[in-house]
Amino acid sequence: MEAPPGSSKKPLWTEEFSVHAADDRYVLRRQFTKFLTLTSFGMLVGNGWIYVKSLLDARTRGAALPRAVIASSAEVPVGGVKLFRYPTPQDPCILVRSAGAQLVAYSQKCTHLSCAVVYSSENHRLECPCHQGYFSIQTGRVLQGPPPRPLPRIVIEERDGQIFATGIQIQEEGA
Amino acid sequence: MFGNEFYVDPSRCIGCRACVAACSECDSHRGQSMIYVDYLDRQNSIATAPMVCMHCDEPTCALVCPADAIKKGEDGVVRSALKPRCIACSNCVLACPFGVPMVHIKPELMMKCDMCYDRTSVGLRPMCATVCPSQALSFGPPDEVRKGRATTPINEFSFGRELVRTKVFIMLPPEETVLDIDVQDYMWRDTDGSAPWLLEETFMD
């Protein structure tokens, strides 16, 4: 307990657990109530803000998304995969021409924790490597794992040897 | 507060135990005395000495308390353990150089002399000091207590290398300025004076 010779500094615990009653820091009932009230109010304001933001987002979501060329048909053979970004450079997407010669594109962000999903040709599905969340290649629906929602689907159009993205289709759970 | 100090004068103790009775009258610990009257050498003497809490400047009992239950007030009085915190571990009992704290098993609580701070804070004397017939326990302004006594008050105790300064004064012959106590002097020895259970005999000089 004695401080080592040469150091007159008292150990930290003597400050944190002072023997003096005056140094005891009690949380008063009033302080605690104040803390609870202010924190709950903060939560309420935060939730309100999230709600308002989602309303504003919903309004802008209706706006037509740009029509963008994402690949040429020759780039994506059957079983081929092409990564692209749509509608902004911050939104990674994956384009797959699956075995049934069906051309599909989904947002690459797993709906669980935003890991990048990859196409597994042998299992014929989109797989998230982080927590083994699997998505159907036909619809983007969750087959297995923690993701709560299907992958947002990119509406694509193939015309004149070019592949265009024309919009995003948000899919609800159970869709 | 009020400039009063507590003085213990063992040479005046007559062993009447009025202090013990008065202490156990207190409502906060009714029936349980926080003051001890000890026989010093019962085989050879009837001498007794009262022992109250000395209220150290750096209370060892509070320093060793793992539950942070023993607190020292602004008046310098070291209080009994706080009931919601005390875990009755007896660390304080073992640590106190004066042997004051006592753990009560039933309520699982350490209780000790708190200089009746409910009384002293409003200018009253502690229960024991009000009843002591020989003023072996006295509480009052320093000059008033010293009047007519051959002894002088000291409040420094040396336990080996550990110097303990206390709030309570003990009255000693005038030549003593610090009470030097070597615990080993009071340990049991063989009839030839040796102490084979002590590994370091040289330590005892």
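Select chain A and colour it by secondary structure: the chain has 2 helices and 10 strands. Helices here are DSSP runs of H or I with at least four residues, strands are E runs of at least two, and both are numbered from the N terminus. Along the sequence the pattern is α-α-β-β-β-β-β-β-β-β-β-β. This is a predicted model, in which local features need pLDDT of at least 70 and side-chain atom pairs count only at pLDDT 80 or more, while totals for chains, interfaces and linings use all residues. Residues are numbered from 1 along each chain as its sequence is written, and chains are lettered from A and ligands numbered from 1 in the order in which they are written.

Stay with the whole of chain A. Of its 175 residues, 18% count as buried. A residue is buried if 20 or more other C-beta atoms lie within 10 Å of its own, exposed if 12 or fewer, and partly exposed in between, with C-beta atoms placed from the backbone.

Next, select strands S5 to S8 of chain A. They form an open sheet in the order S5-S6-S7-S8, with antiparallel pairing. Two strands pair if DSSP finds at least two bridges between them. Strand S5 (118-120) and strand S8 (142-144) of chain A are at the edges and have a single partner strand each, so one side of each lacks a neighbour in the sheet. Strand S5 is joined to strand S6 (residues 125-128) of chain A by 3 bridges in the antiparallel sense. Within this pair, A:Val118 is opposite A:Glu127.

Now go to the loop between S5 and S6 of chain A, which holds A:His124. Phi of A:His124 is near 60 degrees, a positive value in a residue other than glycine. A:His124 is partly exposed, because 15 other C-beta atoms lie within 10 Å.

Move to A:Pro87, in the loop between strand S2 (81-85) and strand S3 (92-97) of chain A. The peptide bond from A:Tyr86 to A:Pro87 is cis, with omega near 0 degrees. For background, most residues other than glycine have a negative phi, and most peptide bonds are trans.

Switch to chain B. It contains 6 helices and 9 strands, and buried residues make up 30% of its 205 residues.

Select the sheet of chain B with the strand order S6-S1-S8-S7-S9: this is an open sheet of 5 strands with mixed pairing. Its edge strands are strand S6 (137-140) and strand S9 (179-181) of chain B, each pairing on one side only.

Walk across this sheet from S6:

- Strand S1 (residues 5-8) of chain B runs antiparallel to S6(B), joined by 4 bridges; the bridge partner of B:Phe6 is B:Phe139 in S6(B).
- S1(B) pairs with S8(B) in the parallel sense over 2 bridges; here B:Val8 has B:Ile170 as its bridge partner.
- Strand S7 (residues 152-159) and strand S8 (residues 162-172) of chain B are antiparallel, with 7 bridges; B:Ser158 has B:Leu163 in S8(B) as its bridge partner.

Then centre on B:Ser90, in the loop between helix H2 (60-64) and helix H3 (91-95) of chain B. Its phi is near 70 degrees, a positive value in a residue other than glycine. Is B:Ser90 buried or exposed? B:Ser90 counts as exposed, because it has 12 C-beta neighbours inside 10 Å.

Finally, show both chains. Their contact takes 9 residues from chain B and 6 residues from chain A, where two residues are in contact if their C-beta atoms, placed from the backbone, lie within 7 Å.
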